[in-house]
Amino acid sequence: MSVNDTLKAAAKFFELSEFPNGKALLLKAATTSNKKPKPDTQAARLGARVKKVFIDREWVRQYNAVCGFKEDEISLTAPQVVASPLHMYLLSRPEHPMPMLGMVHLHNSIECSKPLEYGTAYDVVVTVGETRSISLGLEFDVHTEFLVGEEVHWSSVMTILCRVKGMPKPVTKPAPVEPLSAIGAQYAAVKVPENQGRKYAKVSNDYNPIHLYAQTAKMFGFKQAIVHGMWTAAKTLSIVEASLGSRASKFDLSFKQPVFLPSGISVKHVTASGASKFEVLAERDSKVLMVGSIAA
């Protein structure tokens, strides 16, 4: 999809001079809790753009220190974080009919056709896609693009779930997913400390209370704080990418269960022909927390 197609897909589009303040948007998101979507509710087809965005080297260094990448490397996951204020801006707007807090990040598909560089001015475009009904509620996609002129250098599709009661039950159950074979698999153990959510919040500006302390997470129904899904994704990428022998250009992932704080996880991956399949497993009981694939 070209940038012109992206803009046309939005029913309402906002041109912003700079990224909105993430902390202020989180406070605004709390005011959306009174929104009560129904099974036939549709996500508002909104879009936004910020022009002439430069990747900040010092921010990248701080992000990499938390996630495990090389000091100056602009990783495949970093642009998703850079663009996150636009995601929050659209999903917290009054036109959007769903509460922002409580939404569940289900999937991400990221592709980089040309490595992002320092000193290059990018236009960042975010649009909300179509809504789909599933048994748990309503899911919709959020599209993000980093462009130079009309050329897309980096793009992602983030799938989000809004839980809604009264959804029709599926006629048949989905086929069980085959676990990743242990033959030829590599494992990397990772300790996730109690303060990992707070450390990642400082670089991502995502101060959602479910990630900060057990006490604040319990207010939203969690027994413990949970780490940001995009930290788990970034940490996994930093581990698996080393086995590829080159920089990753595609990253597909699905979140299955949250990573509680503190805990331990194991990144299990199998690499062949420049591509890896992976599972993130809970250290305690080997429960599958995240699955996906990474390709050079």
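Mentor: Helix 3 and helix 8 are roughly perpendicular to each other, a label for angles of 65 to 115 degrees, whereas angles under 35 count as roughly parallel, over 145 as roughly antiparallel and the rest as oblique. This is a predicted model, in which local features need pLDDT of at least 70 and side-chain atom pairs count only at pLDDT 80 or more, while totals for chains, interfaces and linings use all residues. Residues are numbered from 1 along each chain as its sequence is written, and side-chain values use heavy atoms, with hydrogens and water left out.

The part to examine is helix 8, residues 229–244. Helices are DSSP runs of H or I with at least four residues, strands are runs of E with at least two, and both are numbered from the N terminus. The axis of helix 8 comes within 9 Å of that of helix 3 (residues 57–67), and the two cross at roughly 80°. Such axes are lines fitted to C-alpha atoms over the stretch in contact, and the angles, from 0 to 180 degrees, lie between N-to-C directions.

At this crossing, helix 8 contributes Trp231, Ala234, Lys235 and Ser238, which meet Tyr63, Val66 and Cys67 of helix 3; contact means heavy atoms within 4.5 Å. By class, five of these residues are nonpolar, one is polar and one is charged. Here Ala, Val, Leu, Ile, Met, Phe, Trp, Tyr, Cys and Pro count as nonpolar, Asp, Glu, Lys and Arg as charged, and the others, Gly among them, as polar.

The length of helix 8 can be checked as well. The expected span is 1.5 Å times one less than the number of residues.

As to burial, helix 8 is largely enclosed by the rest of the structure, because twelve of its 16 residues are buried. Buried means under 20% relative accessible area, exposed over 50% and partly exposed in between, with a 1.4 Å probe and protein chains only. Among the buried residues are Trp231, Ala234 and Ser238, each of which also takes part in the contact with helix 3. Met230, Thr232, Ala233, Thr236, Leu237, Ile239, Val240, Glu241 and Leu244 are buried too. Just after helix 8, Gly245 takes a positive phi of about 85°.

For contrast, helix 2 (residues 22–30) packs against helix 5 (residues 84–91) at about 25°, with axes 10 Å apart, and this pair is therefore roughly parallel.
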